[in-house]
Amino acid sequence: MDLTPRHEIEEPGHLRRAIHRRRRWSIFAITVVLIAAMAVITAQGLRNATLFFRNVDEAIEQRAELGDRRFRIQGRVIPASVQGESGVTTFQVVYGCAVALVRHTGDPPELFKSPWIPVVLEGNWVPGDIQTVAGTDSHYFRSDRMLVKHTNEYASANEQRVSESPPLGFLDTCPFKVPVNTS
Amino acid sequence: MSEVATVATGWGLTFVAVATYSLWVVRRGRTIGRELGIGDVGSTDFQRDADPRTDP
Amino acid sequence: MPGGTNSTEMTATPATRVLGISAVAATAPMILLGLAISPADVVQGEAVRMLYLHVPSIWVAYGSFVLTSFSSLLFLARSKRRPDGGRHYDRLAGSAAEIGVLFTAITLITGMLWGKVTWGTYWQWDARLTTTVLLFVTYLGYLALRRLPADPMVRGRRAAVMALISFINVPIVHYSVDWWRTLHQKASLSVGRRPEITGEMYWTLLYSVLTVTIIAAWLTVHRYRVIRLEELRDEENLEMLISSRRNEKTADGTGHGDTT
């Protein structure tokens with residue numbers, strides 16, 4: 001039989017609070033850290049995530065408004081165009097039948113040597129008369145950061161050789177010819 | 001890091017993480033069970049509401 | 001890997017022991033397929049082997065978060081009608097979320113390592129990576145909320161609401177590669193689309209998904225049971241505290257307390 005006076009029903013809550021007080025503070029701290037982390041991630045994400053890169057054709061189209069602003073450009077590397085000397089790699093990238101000449105400072109990632117690899121470059125347009133496989137151009141892209149953009153295609157290295165020819169259909173409608181690798 | 005080293009690291013870390021977590025879960029179950037004085041598996045009702053198929 | 005065969009284990013039953021043994025047994029062929037039998041990729045070489053952990057992990061994480069949301073929904077809907085207040089669903093939500101967080105972490109780590117050798121960087125704030133790390137942090141917050149001391153039913157309802165809010169991010173993570181331009185490639189496997197992956201790699205990936213699912217199922221069941229044990233212990237501790245407190249009070253008069 002429970003003869004405990006009524007006011008003692010208050011006790012469990014009080015006791016529980018005492019036990020959990022210290023634990024509650026650490027959890028409160030963790031929660032604050034987590035919220036802060038989420039805020040930072042969201043801020044970072046909003047800044048970068050929505051337009052992670054411009055394709056070569058768009059980057060050329062928007063050249064006037066881009067000016068010398070920093071942005072990311074995406075295209076496939078034309079294998080025959082790659083030249084490297086003293087830390088600077090020069091090559092051409094193509095997307096949507098638009099070609100841009102790139103001067104990249106720094107070590108390209110390992111997979112850069114794979115033919116027709118899509119890359120994302122960070123940098124800006126620089127005026128200068130240059131020649132690409134599509135003709136003459138008034139700007140080149142100066143890049144100091146290169147990322148290889150892997151596709152979602154996977155093929156066995158045993159069955160398939162690395163192909164020097166462009167991906168099927170990629171350049172079919174383009175008015176220019178891309179030279180085959182001579183080096 | 002080379003490709004092979006990266007793959008080894010990734011697989012290694014994954015297995016260590018899963019194994020550590022598994023052990024933690026099992027040990028924690030054992031410790032609390034002992035604290036509660038539940039010696040014999042099947043003597044508690046938690047197993048019944050966890051998996052009805054184990055209930056004969 | 002899971003030690004589901006130990007007979008002294010508190011949280012094992014014959015059914016989960018079979019599950020645990022299956023998990024261990026399935027892991028060996030997964031290692032063999034993933035690290036030896038399946039071929040290197042024509043472009044990324046050996047790095048492709050990371051795929052067999054990365055993709056199954058996020059699928060299992062998605063599945064866990066679906067389970068968490070579903071259980072949370074049932075908890076909110078049924079808690080009044082069930083004798084135990086629907087706490088069964090609350091436990092299921094909590095254990096699944098923890099397994100989901102574990103596998104999201106594995107996805108992030110394997111992805112970062114893979115990114116370093118293929119992209120040339122561990123991290124980029126593109127839409128896929130940003131939403132995935134947000135997913136991880138959100139569910140970590142969910143787990144923290146579950147540990148906040150409160151009345152079990154109040155805590156359960158809070159957690160259930162947060163679980164349902166957190167789930168919004170799951171389809172965003174999955175479709176981020178289609179909705180936005182990302183450095184991350186598009187989905188490797190998706191329903192109703194021809195996989196752009198060669199046969200041996202495809203089967204290895206599917207087998208890995210199966211294996212990781214078995215491991216996660218085993219973990220979820222055991223975690224559920226440990227949560228149940230934690231609850232039993234908390235209830236017992238509370239009862240002991242109440243009775244010891246009562247004893248203190250009654251000790252003044254009689255010297256002996258009623259310990260029930």
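Among contacts in chain A between residues at least 6 apart in sequence, what percentage join residues at least 24 apart?

Reply: The share is 57%, for chain A contacts between residues at least 6 apart in sequence. A contact here means C-beta atoms, placed from the backbone, within 7 Å. This is a predicted model; local features need pLDDT of at least 70, side-chain atom pairs need 80 or more, and totals for chains, interfaces and linings use all residues. Residues are numbered from 1 along each chain as written, with chains lettered from A and ligands numbered from 1 in written order.

Chain A has three helices and seven strands (DSSP runs of H or I, at least four residues, or E, at least two, numbered from the N terminus). Their order from the N terminus is α-β-α-α-β-β-β-β-β-β. Of its 183 residues, 25% are buried (20 or more other C-beta atoms within 10 Å of their own).

Chain A also meets chain C. There, 44 residues of chain A contact 46 of chain C. On the chain C side, H3 (87-118), H4 (127-147) and H7 (199-251) each give two or more residues. H4(C) gives the most, with ten. By class, the chain C side has 24 nonpolar, 13 polar and nine charged residues (nonpolar: Ala, Val, Leu, Ile, Met, Phe, Trp, Tyr, Cys, Pro; charged: Asp, Glu, Lys, Arg; polar: the others, Gly among them).

H4(C) also packs within its own chain. Its axis comes within 8 Å of that of H6(C), residues 169-179, and the two cross at roughly 160 degrees (axes are lines fitted to C-alpha atoms over the stretch in contact; angles run from 0 to 180 degrees between N-to-C directions). H4(C) contributes residues including C:Leu134, C:Leu135 and C:Thr138, and H6(C) residues including C:Ile172, C:Val173 and C:Val177. Seven residues of this contact are nonpolar, five polar and one charged.

H3(C) packs on H5(C), residues 152-167, at about 50 degrees, with axes 10 Å apart. That makes H3(C) oblique to H5(C). C:Arg87, C:Asp90, C:Ala93 and C:Ala97 of H3(C) meet C:Pro152, C:Gly156, C:Ala159, C:Ala160 and C:Ala163 of H5(C). Six of these residues are nonpolar, one is polar and two are charged.

Finally, H2(C). 21 of its 28 residues are buried, so H2(C) is largely enclosed by the rest of the structure.

Terms used. Two residues are in contact if their C-beta atoms, placed from the backbone, lie within 7 Å. A residue is buried if 20 or more other C-beta atoms lie within 10 Å of its own, exposed if 12 or fewer, and partly exposed in between; C-beta atoms are placed from the backbone. Angles under 35 degrees count as roughly parallel, over 145 as roughly antiparallel, 65 to 115 as roughly perpendicular and the rest as oblique.
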